[in-house]
Amino acid sequence: MAKQVLLNVFLGFMWMFLTTTYEPVAFVKGYIFGLLIIFVFRKFFDSRFYLYRVFSFIKLALIFIKELIMANIAVVKVVLKPKMDMTPGIFAYPTSLEKDWEITTLANLITLTPGTMVIDISEDKKILFVHAIDIKDAKAEIDGIKESFEKAIMEVSRT
Amino acid sequence: MKMIEIAKLIIVAFILIGAFFHLIAALGVIRLPDVYTRNHAASKAATLGVLCILLGTFLYFYFIHDHFNSRVLLGILFMFLTAPVAGHLLGRAAYHSGVKMWGQNGPDDYKEYIEIKKSEKYQEYEAYRKKIEENIKAESK
């Protein structure tokens, strides 16, 4: 990925010097043409076209915003309920993510969506311990995390 | 003139929603029963509240004063980077200093893990991990 970005920046400068215009606009133009060239030659790189990764990152951000709003509404409901009848608890969540930054991102996303909070991570980095404000639907929560966050993070880190 | 009015309405909506989430966070800290649940309310409802208020501020400067204030956007970014870390550490510290969870019938998978970790029996941990994975598989069937 870094190789492709570097090449793209190089192509941007190349465009600037070829057209002998030394303005930021020329660089941006060159960058976009470079993007096109890299897209055409994407089969020859050992990793996938880096714009795909950018797109999946944007997708992850959108999923996160959606989850954030939904979960906040859920917490508002819990707080404003006249009777406190939820059962808080800690459940273990085995994750299939492997790299450190992936697990960090997942833990941060889980913690940011209200109703769930990561308490700890097991030493071999395979189990997250998640405190849920209402454990009743822990199974649904696990499925939700698997479906939304983990999938999206995997999509970003896929080479 | 009309555009400015619409922009003002949007800005007011953002700031009011932000203030509402802060109110909920404050109510949550008072009403919820134990450290962990209070931590939920304080660290997260407040995050969305700050997001909304900062977004409203940003739009205000952008539409009314024609001034693109990137520092406000950076404020949102850093809020999102730091809030979960604080929430996580508060929860962890509370657990390790022995704060009990509210309610009796809530499950606690973490307790078992800590016991295994203290006794330093690696095989038990393996069994524990397998058990959890099987539990989740059984539930999803």
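**Reading the helices and loops of a two-chain model**

Guide: A:T20 lies in the loop between α1 (2–18) and α2 (24–40) of chain A; helices here are DSSP runs (H or I, at least four residues; strands are E, at least two), numbered from the N terminus. The model is predicted, and local features need pLDDT of at least 70, side-chain atom pairs pLDDT 80 or more, while totals for chains, interfaces and linings use all residues. Residues are numbered from 1 along each chain as written, chains are lettered from A and ligands numbered from 1 in the order written, and side-chain values use heavy atoms, without hydrogens and water.

Visitor: Why does A:T20 count as exposed?

Guide: The relative accessibility of A:T20 is 52%. Exposed means over 50% (buried is under 20%, partly exposed in between; 1.4 Å probe, protein chains only), so A:T20 counts as exposed.

Visitor: What is the phi of A:T20?

Guide: A:T20 has a positive phi of about 45°, although it is not a glycine. Most residues other than glycine have a negative phi.

Visitor: Where is B:D66 found, and what makes it exposed?

Guide: B:D66 is found in the loop between α2 and α3 of chain B. Its relative accessible area is 69%, and B:D66 is therefore exposed. B:D66, not a glycine, likewise has a positive phi, of about 55°.

Visitor: How do you know whether B:T47 is buried or exposed?

Guide: B:T47 has a relative accessible area of 1% and is therefore buried. The residue lies in helix α2 (residues 35–63) of chain B. Leaving aside neighbours within four places in sequence, B:T47 is in contact (heavy atoms within 4.5 Å) with A:L112, B:M79, B:F80 and B:A83.

Visitor: What makes B:R71 count as exposed?

Guide: B:R71, found in helix α3 (residues 70–96) of chain B, has 67% relative accessibility and therefore counts as exposed. B:R71 and B:F58 are 13 residues apart in sequence, and their C-alpha atoms are 9.0 Å apart in space.

Visitor: Why is α2(B) called roughly antiparallel to α3(B)?

Guide: The two helices pack at an angle of about 175°, with their axes 10 Å apart. Axes are lines fitted to C-alpha atoms, for helices over the stretch in contact, and angles run from 0 to 180 degrees between N-to-C directions. Angles over 145 degrees count as roughly antiparallel (under 35 roughly parallel, 65 to 115 roughly perpendicular, the rest oblique); hence α2(B) is roughly antiparallel to α3(B). Residues making this contact include B:V35, B:Y36, B:T47 and B:F58 of α2(B), and B:V72, B:M79, B:F80 and B:A83 of α3(B).

Visitor: What makes α3(A) oblique to α1(B)?

Guide: Helix α3 (residues 50–80) of chain A and helix α1 (residues 2–31) of chain B pack at an angle of about 45°, with their axes 9 Å apart. That angle makes α3(A) oblique to α1(B). From α3(A), the contact is made by A:N72, A:V76, A:V79 and A:L80; from α1(B), by B:F20, B:F21, B:I24, B:L27, B:G28 and B:R31.

Visitor: How many residues of chain B are in contact with chain A, and what area is buried between the chains?

Guide: In chain B, 43 residues are in contact with 42 residues of chain A. The area buried between them (accessible area, 1.4 Å probe, lost on being put together, summed over both) is about 3,800 Å², of which carbon and sulfur atoms give 72%. B:R31, B:H40 and B:K44 supply 17% of the area that chain B buries against chain A, more than any other three residues.

Terms used. Buried area is the accessible area (1.4 Å probe) that two parts lose on being put together, summed over both.
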